[in-house]
Amino acid sequence: MPRQKKSSSPGGSQRQLRVGETVRHAVAEILSQGEVHDPDLEGHIITVPEVRMSPDLKLATVYVMPLGGRDTDTVIAALERNKKFLRGEIAHRVNLKFAPDIRFRVDERFDEAERIEKLLRTPAVQRDLAPDSDDE
């Protein structure tokens, strides 16, 4: 009977997290050194906050965010066009049995953090967070 162990951590197993971080460093290095020659990527500084690996390590979902959050669709399309080159570079830099297939997604965490920050600054929340002067 095969053992099926569900991962309790949100990012996957320790191995998935370790490989994802290694792939993240490789992609960030490739992008920061300007090795991808695409006119749509020229002039964009791209942040790679996270890479999530599938349990079999054959699929890497790379979350990216251009600086300032502008032109996200253009940047994602340019990265998709250069996927084959990026996969080859990742294969050279990361020692894995198989080069993972990669897909790119926009990282929504910055937008979510900004939304929560705006909620915390609303008058109703500020009123609830203020210390009560009636309790003295």
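Biologist: What makes Ile116, Leu120 and Leu129 a nonpolar surface patch?

Modeller: In this predicted model, the three form a patch of about 280 Å². Take Leu120, which lies in helix H4, residues 109-120. Leu120 has a relative accessible area of 42%, and patch residues need over 30%, so Leu120 passes that test.

Biologist: Why is His44 called buried?

Modeller: Its relative accessible area is 18%, and buried means under 20%, so the word applies. His44 is found in the loop between helix H1 and strand E1, where His44 touches Pro66, Arg70, Asp71 and Val75.

Biologist: How do you know that Arg24 forms a salt bridge with Glu21?

Modeller: The closest N and O atoms are 2.8 Å apart, and the limit is 4 Å, so the pair counts. Both residues lie in helix H1, three residues apart, about one turn of the helix.

Biologist: Are Arg24 and Glu21 buried or partly exposed?

Modeller: Arg24 is buried, at 18%, whereas Glu21 is partly exposed, at 35%.

Biologist: What makes Glu35 and Arg93 a tie between parts apart in sequence?

Modeller: Their side chains meet in a salt bridge, 2.8 Å from N to O. Glu35 lies in the loop between H1 and E1 and Arg93 in helix H3, so the pair ties together parts 58 residues apart in sequence. Glu35 and Arg93 also belong to a salt-bridge network with Glu29 and Glu89.

Methods
Residues numbered from 1 in each chain as written. Predicted model: local features only at pLDDT ≥ 70, side-chain atom pairs only at ≥ 80, totals over all residues. Heavy atoms only, no water. Patch = residues over 30% accessible without salt bridge, like charges linked within 9 Å, V, L, I, M, F, W, Y side chains within 5 Å. Areas by Shrake-Rupley, 256 points an atom, 1.4 Å probe, with all protein chains shown as cover. Helix = DSSP H or I, 4+ residues; strand = E, 2+ residues; numbered from the N terminus. Buried < 20%, exposed > 50% of the residue type's maximum accessible area, 1.4 Å probe, protein only. Contact = heavy atoms within 4.5 Å. Lists of a residue's contacts leave out its neighbours within four places in sequence.
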